[in-house]
Amino acid sequence: MARVRDVEIDEVPDDAKPVYARFVSEYGPYQNQLKVFAHRPIALRHVMGMLLEMSDNPILDKRYLEIAIVTVSEINKCE
């Protein structure tokens with residue numbers, strides 16, 4: 001059972017909807033993270049937005065960025 005309610009796209013402010021929609025389309029398997037971040041639209045816009053920007057302008061390969069995200073989640077015992 002989820003401890004935090006998922007926030008759907010129609011519940012976020014208009015300025016956060018493009019980040020939400022793009023993240024869902026490009027990182028579908030990680031929608032649960034997005035729906036938790038959406039409780040704080042500023043985090044949604046900036047943290048998820050940063051991940052999307054890093055994907056657009058790679059400093060490191062997208063695969064390595066995803067490995068880093070999964071590794072940190074594992075370290076933090078996230079399911």
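A residue is called buried when its relative accessible area is under 20%, exposed when that area is over 50%, and partly exposed in between, with a 1.4 Å probe and protein chains only. Helices are DSSP runs of H or I with at least four residues, numbered from the N terminus. The structure is a predicted model, in which local features need pLDDT of at least 70 and side-chain atom pairs count only at pLDDT 80 or more, while totals for chains, interfaces and linings use all residues. Residues are numbered from 1 along each chain as its sequence is written, and side-chain values use heavy atoms, with hydrogens and water left out.

## Helix H1 and its surroundings

Helix H1 spans residues 17–26, and its buried residues are Val19, Tyr20 and Phe23. Seen down the axis of H1, these residues fall within an arc of 100°, so they line one face of the helix; the arc is that of the directions from the helix axis to the C-beta atoms. The face turned away from this buried side carries the exposed residues Pro18 and Ser25. The cover over the buried residues of H1 includes helix H2 (31–37) and helix H3 (41–56).

Leu52 illustrates the part of H3 in this arrangement. Leu52 lies in helix H3 and is buried, with a relative accessible area of 4%. Contact means heavy atoms within 4.5 Å. Not counting residues up to four places away in sequence, Leu52 touches Val19, Arg22, Phe23, Glu26 and Tyr27. Leu52 and Phe23 are 29 residues apart in sequence, yet their C-alpha atoms are 7.2 Å apart in space.

Phe23 also takes part in an aromatic pair. Rings of Phe, Tyr and Trp (its six-membered ring) pair if their centres lie within 6.5 Å; planes under 30 degrees apart count as stacked, over 60 as edge-to-face and the rest as tilted. The structure holds one such pair. Its members are Phe23 and Tyr27, which are stacked at 4.9 Å centre to centre with 20° between the planes. Phe23 counts as buried at 2% relative accessibility, and Tyr27 counts as buried at 4%.

## Salt bridges

Side chains of opposite charge can pair when their charged atoms come close. A salt bridge is defined here as a side-chain nitrogen of Lys or Arg within 4 Å of a carboxyl oxygen of Asp or Glu. By this rule the count comes to six salt bridges. The table lists three of them.

| Salt bridge | Closest N and O atoms |
|---|---|
| Glu8 and Lys35 | 3.4 Å |
| Arg45 and Asp15 | 3.4 Å |
| Arg22 and Glu26 | 2.6 Å |

In the salt bridge of Glu8 with Lys35, Glu8 lies in the segment before H1 and Lys35 in helix H2, so the pair ties together parts that are 27 residues apart in sequence. Glu8 is partly exposed at 34% relative accessibility, whereas Lys35 is buried, with a relative accessible area of 14%. Leaving aside neighbours within four places in sequence, Lys35 is in contact with Arg5, Asp6, Val7, Glu8 and Tyr20.

The salt bridge of Arg45 with Asp15 also links distant parts of the chain, with Arg45 in helix H3 and Asp15 in the segment before H1, 30 residues apart. Arg45 is partly exposed, with a relative accessible area of 25%, and Asp15 is partly exposed at 48%.

Arg22 and Glu26 both lie in helix H1, four residues apart, about one turn of the helix. Arg22 has a relative accessible area of 26% and is partly exposed; Glu26, at 32%, is likewise partly exposed. Arg22 and Glu26 are linked with Asp56 in a network of salt bridges.

A cavity is a set of points on a 1 Å grid over the protein atoms alone where a 1.4 Å probe fits but cannot get out, and lining residues have an atom within 4 Å of a point. Grid points are joined across faces, edges and corners, and a volume is the space filled by probe spheres set on the points. A search of the whole structure finds one cavity of 30 Å³ or more. The largest cavity has a volume of about 40 Å³. Its lining is formed by Met54, Ser55, Pro58, Ile59, Leu60, Asp61, Lys62 and Leu65. The elements that give two or more residues to this lining are H3 and helix H4 (62–75).

Definitions and conventions:
1 Å grid on protein atoms, 1.4 Å probe; cavity = no way out; pocket = protein on both sides within 12 Å on 5 of 7 lines; lining within 4 Å.
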